[in-house]
Amino acid sequence: MRDPIPPSPSSPPPPQKQILVLAIKDFIASEPDQLTVKNDDLLIVTDENPKEGWVLGYKNDNESEKGLFPKDFILVYNGNEIYFDGAEEQEFTKEYKTYYEDKEKELRKNLEENRINDILCIDVDRNNIFTNAYDYIITSTNKDLKKVLDIQFLNEDGIDCGGLTREFFYLLSKEIGNPGYSLFKYIKENSYRMNINPESGIANENHLDYFEFIGIILGIAIFNSQHLDVSFTLPFYKRLLNKNLILSDLKYIDPDIYKSLNWLKENNGVEDLFLTFEIENEDSFGNKEKIELKPNGSEIPVTDENKEEYIKLNTTKDKDQMEAIKRGFYKVIPNDSLKRFNEFDLELLIYGSNEIDVDDWKNNTDYSGYNENDITIINFWKCVREFDNESRKRLVLFATGNSQIPSLGFKYLQGDGKITHFKLKKAGDLNKLPVSHTCFNCIDLPPYENYDQLKDKLLYAIQEGINNFSIA
């Protein structure tokens, strides 16, 4: 369904700036124009300075609950403004991550108490990783899924001390969004956020089993302190937390559909639009087709009396797929362990950080054979600072086996089942490339004689040698 709103002869007002914030203490309204908020409430600020010391906004989960509240909160996103359509990559503020840190530490303690002290061995062909991993995992017991992972790639030597596990999740991330499976689709052309494809069953009769498998993968990634290089919509994370969607959540998926459905909700005379309980859907390949929201939907007109049902069905077209994902997810994650988490927290937990803070990286680096004042190390960090973020991510992938950074920064980088800082080791011939040991987050860095030589060797290593890790 697209834009049943009749065209207006006048231009609409410019969009209102909206800022996502997190309340950090309770406030009880004492005046009719004020809004009662609780600690941990997510709020949307629409006016940053209606009067001294106050802001105007509404609750993220209920637009009807709006009013003034004190400026006693933390920003969720850098750049302040929230982009509802996912067209922009949004990075969480350091203040929000600090507030989030206590939640994750509590979660890690809970998960370790549920850990099974045994090994789950998974042998996969990196060229058929999705199907191989599915065959192993979908038949595993709930108890097996809580064991320590030991990943082996077929016909490859290597012992998994953490690097192979990280590479396993990185490679799986790329397959989850593979349009050939028709399980997910990007919400729009200029966004990397994905949402469930409601028509997944047409292309794949076993689609619900695959969605359950993906739910398990999300669960065991969290259970093993791993991150997936795949970004879902915020309503996806909200539903994974067993929270009900509201109409305004559609803004994070498709602002145009939200505006259309909101217009239906707020206006009478819907019959004049000649809508039925049938909508047009577009698959991962851009093919469009009609789907019915309920049996015989094409024959049922939308009226003022049944429009609430129509709106609700538009937000739950993929209910079966989401239930399968949750079924797999909660086979691994205890039901009450995420009770303090909101959808933004869960995105941090699964996706990790996408923007690389070089100062944080440098401050959490160990050296072997070098110290931070050696010219090779000075040139290394000079080079990293000159890289754009994509090149930095490739360097992280080269060194660790995964391009994503832990949500709490480099100090929590994992290796061999424990925190293992990034390391630069003095080793190798000057004519050779740097060599990575992903299990230990380590790069063997020869003592190159000048900056240009170091930069050329490093760039060549991360661009051309990314699939030729030294397994250690």
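Tutor: A salt bridge here is a side-chain nitrogen of Lys or Arg within 4 Å of a carboxyl oxygen of Asp or Glu. We are looking at a predicted model, in which local features need pLDDT of at least 70 and side-chain atom pairs count only at pLDDT 80 or more, while totals for chains, interfaces and linings use all residues. Residues are numbered from 1 along each chain as its sequence is written, and side-chain values use heavy atoms, without hydrogens and water.

Student: Thanks! How far apart are the closest N and O atoms of glutamate 65 and lysine 59?

Tutor: Let's take the surroundings before the distance. Lysine 59 has 18% relative accessibility and counts as buried (under 20%; exposed is over 50%, partly exposed in between, with a 1.4 Å probe and protein chains only). Glutamate 65, at 32%, is partly exposed. The two form a salt bridge, and their closest N and O atoms are separated by 3.3 Å.

Student: How many residues apart are lysine 238 and aspartate 61?

Tutor: Their side chains meet in a salt bridge of 2.7 Å, N to O. Lysine 238 belongs to helix H6 (residues 234-240), while aspartate 61 is in the loop between strand E3 (54-59) and strand E4 (62-70); helices (H or I, at least four residues) and strands (E, at least two) are DSSP runs, numbered from the N terminus. Lysine 238 is buried at 2% relative accessibility, whereas aspartate 61 is partly exposed at 39%.

Student: Which helices hold lysine 455 and glutamate 386?

Tutor: These two form a salt bridge, with 3.8 Å between the closest N and O atoms. Lysine 455 is partly exposed at 26%, and so is glutamate 386 at 45%. The pair ties together parts that are 69 residues apart in sequence because lysine 455 and glutamate 386 lie, respectively, in helix H14 (residues 451-464) and helix H12 (residues 375-386).

Student: How many salt bridges does the structure hold?

Tutor: Some of them join up: Asp40, Lys103 and Asp345 are linked in a network. For the structure, the total number of salt bridges is 30.

Student: Which residues beyond four places in sequence is asparagine 402 in contact with?

Tutor: Asparagine 402 sits in the loop between helix H13 (389-400) and strand E14 (414-415). With a relative accessible area of 3%, this asparagine is buried. Leaving aside neighbours within four places, asparagine 402 has contacts (heavy atoms within 4.5 Å) with Arg166, Phe169, Tyr170, His227, Val396 and Leu397.

Student: How many contacts beyond four places in sequence does the model have for residues 467-472?

Tutor: Start with pLDDT, the predictor's confidence in each residue, from 0 to 100: the chain has a mean of 86, and 91% of its residues reach 70 or more. Residues 5-11 stay under 50, with four contacts beyond four places in sequence. Over residues 467-472 pLDDT also stays under 50, and the number of such contacts is 17.
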